Each structure stands twice: as structure tokens, then as C-alpha cells.
Amino acid sequence: FEGFLPLKGGKKRRRLEGLVEEERTMIFYESPHRTQKTLALMLEVFGDRRAAMGRELTKVFEEVARGRLSDLCARYDGSKVRGEVTLAVAGCRED
């Protein structure tokens, strides 16, 4: 569980770069208005890993999207994300 990433771009990038070789699945919280930029940065830093984005989990309008980081970037490109966001990103695997 990684929680919220730093707000500043440089600090956020360094934190993600420090997790590039993490083998376990990583869980992040993100605000809806920063989700698109964070997904794009994760794609850039981690590569096209498997990921899931949960929105409004445990609530009436719950939504979960699964795929690769590139799929999530494309799905939410230009659309306004609403609600609480949880991102799960696969760890680094050699296979």
C-alpha cells in the first residue's frame, strides 16, 4: 500500500521511479482531478503494466476498470473522473 503520491511532479516522479523494481502489486489513492496525469506518468515510468482503477468503491456508483496502464489512459483521456480513486498497479515481474 503506497497511499497518496506527492503532489509536486518531480517528487511524484522520483517516488514512482523508486518503485520500478517493486515486485508486489502496488495500491495508490489519487484525487479525481489528478488521475489522468498520474496514469500517464505511471505509464511513462513503469511501462505498460497491468492495472486496475476503482472509483467510488463500496458505494452505489462503484466502477472498476481493468487492463494495461495504456488502456486506462485511453479510457479516461479527456473525460472528467469523478469520485474517490484507487489505483492498483502490477509489480515488476521477470516473466
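**Close-up views of a predicted model**

**View 1. Helix α1 meets helix α2.** Helix α1 (residues 9–17) packs against α2 at an angle of about 45°, and their axes lie 10 Å apart. Helices here are DSSP runs of H or I with at least four residues and strands are E runs of at least two, numbered from the N terminus; axes are lines fitted to C-alpha atoms, for helices over the stretch in contact, with angles from 0 to 180 degrees between N-to-C directions. This is a predicted model, in which local features need pLDDT of at least 70 and side-chain atom pairs pLDDT 80 or more, while totals for chains, interfaces and linings use all residues. Residues are numbered from 1 along each chain as its sequence is written, and side-chain values use heavy atoms, without hydrogens and water. On the α1 side, look for Lys-12, Arg-13, Leu-16 and Glu-17, which meet Thr-38, Leu-41, Met-42, Glu-44, Val-45 and Phe-46 of α2 (contact means heavy atoms within 4.5 Å). This contact has five nonpolar, one polar and four charged residues (Ala, Val, Leu, Ile, Met, Phe, Trp, Tyr, Cys and Pro are nonpolar, Asp, Glu, Lys and Arg charged, the others, including Gly, polar).

**View 2. Helix α2 beside helix α3.** Here the axes of α2 (residues 35–46) and α3 (residues 69–76) come within 9 Å and cross at roughly 155°. That makes α2 roughly antiparallel to α3. The crossing of α2 and α3 is left-handed. From α2, you can find Gln-36, Leu-39, Ala-40, Met-42, Leu-43 and Phe-46 meeting Leu-69, Ser-70, Leu-72, Cys-73 and Tyr-76 of α3. Nine of the residues in the α2 and α3 contact are nonpolar, two are polar and none is charged.

**View 3. Phe-4 and its neighbours.** Phe-4 sits in strand β1 (residues 3–4). Leaving aside residues up to four places away in sequence, Phe-4 touches Arg-15, Tyr-29, Glu-30 and Ser-31. Asp-77 is 73 residues from Phe-4 along the chain, and the C-alpha atoms of Phe-4 and Asp-77 are separated by 21 Å.

Terms used. Angles under 35 degrees count as roughly parallel, over 145 as roughly antiparallel, 65 to 115 as roughly perpendicular and the rest as oblique. A crossing is left-handed if the near helix is turned anticlockwise from the far one by less than a right angle, and right-handed if clockwise.
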